[in-house]
Number of protein chains: 2
Amino acid sequence: MKHCSTCGRPVEQRIPAGDDRPRHTCTACGAIHYLNPRVVVGCLVEHEQKLLLCKRAIEPNIGRWTVPGGYLELGEGALQGARRETREEAQAEVEITAPHAYLDLPHIGQCYYLFHARLRSAFAPGPESLEVELVALEDIPWTELAFPVVHWALELFVADRSDGVFRMHQGMLHWDGTGSRFDPGHYTLRDHLALTYQEDLP
Amino acid sequence: MKHCSTCGRPVEQRIPAGDDRPRHTCTACGAIHYLNPRVVVGCLVEHEQKLLLCKRAIEPNIGRWTVPGGYLELGEGALQGARRETREEAQAEVEITAPHAYLDLPHIGQCYYLFHARLRSAFAPGPESLEVELVALEDIPWTELAFPVVHWALELFVADRSDGVFRMHQGMLHWDGTGSRFDPGHYTLRDHLALTYQEDLP
C-alpha cells in the first residue's frame, strides 16, 4: 500500500495515538488503513472412505492437488463460502458436518478454515480445476499437493480417521524461513489444540 | 475505497476476467483490490465458575460489557492474537484450552473466533477497559453487553456449561436489517453446527 484508498495521496507508516504498531496512514487526510489476515475456507469432502481432491488449473502450483477452497468473501458466512468454493472448483454439492482445522499462516497473512463435509451430488472439474477425483486415504498424492497447509490438514485428518475419531484442530503453521515456502517440511505446527468430538459425524 | 492503494488513481467496480463479482479495480494501473472479512479473536476466560468481563472504555458502546477480544493482526496466529487482546484489555495471562465459537457477521464483514481459556494471573483494566470483573454466570449483565455477537457467544457458553459439556460452535449471525444493529433480538443464528468435545477442559 503506497496510496490512500480514500483520497489517493501517499501513505506512510505511522503509529496512531493509542496504538502500538505502525499503520498505513494518509499524509493528507489522516485516514488509517488497517491490513488484516484473510480467511481461506474449504472442505474435506468424504465419500465412501475417499476424499475429494482437485488438480489445480491455475497458478500458483498449477497441476498440483488440493482440497476445494478459497477466500471467504464479504457478505458470506464461513460455511456458505466453503460450499461456494466446493461448487466452483468441483461442481459438487456438499453437507458440511463439522469444523476440521483452523490453521494460521502468519508469514503470508492467511488463515485456513477447513470443514468436514459429505458429498451430496455428482462432481466434475470447475473452471479452476483440471481434474477432480475421489482418492482413497492411502492414495493421497503427498508429493504432489499444492500447498503445505493442505499437506498438514490432510495429515491431521488421516491420523484422526486412523484413530477412528473426528477432531477440531487449531494451530499455527510456522515457516522456518528457509527453502521453498511450498515445502511442508519447512513448517512446524505451533500452538496446536486438538479436541475430539463426541459425535460420530453423519 | 475510492482510490488505488498502488498508484493513487481512481478505482471503479468492475468484474475481473474469470471472476463472478465486482472488485475495486484501478482505472489507471489495472490493480484489483480485494476486500475480505476481518477476524476478531477473543477469550472466554473462566476462573472458579466465573467469567472475565471487561467494561469498555472506548467507543463503540463505551461503558458496556464484553469479553476481551479484537482484530487479529498480520503476522500472528489466532491464539497469539486472543492472548494479546486479553493481555491488553484485562492485563491477564491465560491458557487457551479450546475453540468455543466461530461466528460470522456478514453484514459488517467480521468473523468472531472465540476461545475457552483459564485465568493464569491477576487481572486489571487495560487502557481500553474501565473495569474488569469475574462474573458468575447467573450474574452476566445481559442487557448491558456491548455487542450482539458477545450476547450469542455467552448464551451458547452458558447452555453448554449447564449441559456440563464444552462444544465447538460454528454459525452465522444474520441481522434482520431492522432496528438497532446492537440489539441481539434482531439476529438469528444460521448454519449452526454444534459439536461436543469429549475432553473435559483443564
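Me: What does B:R14 touch, not counting residues up to four places away in sequence?
Reply: B:R14 touches B:R21, B:P22, B:R23, B:T25, B:C26 and B:T27. Contact means heavy atoms within 4.5 Å. One caution: this is a predicted model, where local features need pLDDT of at least 70, side-chain atom pairs count only at pLDDT 80 or more, and totals for chains, interfaces and linings use all residues. Residues are numbered from 1 along each chain as its sequence is written, chains are lettered from A and ligands numbered from 1 in the order in which they are written, and side-chain values use heavy atoms, with hydrogens and water left out.

Me: Where is B:R14 found?
Reply: In strand β1 of chain B, residues 11–14. Strands (E, at least two residues) and helices (H or I, at least four) are DSSP runs, numbered from the N terminus.

Me: Which side chain does the B:R14 side chain make a polar contact with?
Reply: That of B:E12, at 2.7 Å. A polar contact is a pair of N or O atoms within 3.5 Å; within protein, one must be able to donate a hydrogen and the other to accept it, and residues adjacent in sequence count only if both atoms are side-chain atoms.

Me: Why does B:R14 count as partly exposed?
Reply: Because its relative accessible area is 38%. Buried means under 20%, exposed over 50%, and partly exposed in between (1.4 Å probe, protein chains only).

Me: Switching to B:D160. Buried or exposed?
Reply: B:D160 counts as buried, because its relative accessibility is 3%. Its place is in helix α2 of chain B.

Me: What does the B:D160 side chain make a polar contact with?
Reply: The side chain of B:H169, at 2.7 Å. Leaving out residues up to four places away in sequence, B:D160 touches B:H100, B:V165, B:R167 and B:H169.

Me: How many residues does helix α2 of chain B have?
Reply: It has 15, residues 148–162. First C-alpha to last is 21 Å, close to the 21 Å expected at 1.5 Å a residue. The expected span is 1.5 Å times one less than the number of residues. Buried residues of α2(B) include B:W152, B:L156 and B:F157.

Me: What follows α2(B)?
Reply: B:G164, with a positive phi near 75°.

Me: And helix α1 of chain A, how many residues?
Reply: Helix α1 of chain A has 13, residues 78–90, and reaches 18 Å from its first C-alpha to its last. Among its buried residues are A:L79, A:R84 and A:E85. Just after α1(A), A:Q91 takes a positive phi of about 45°.
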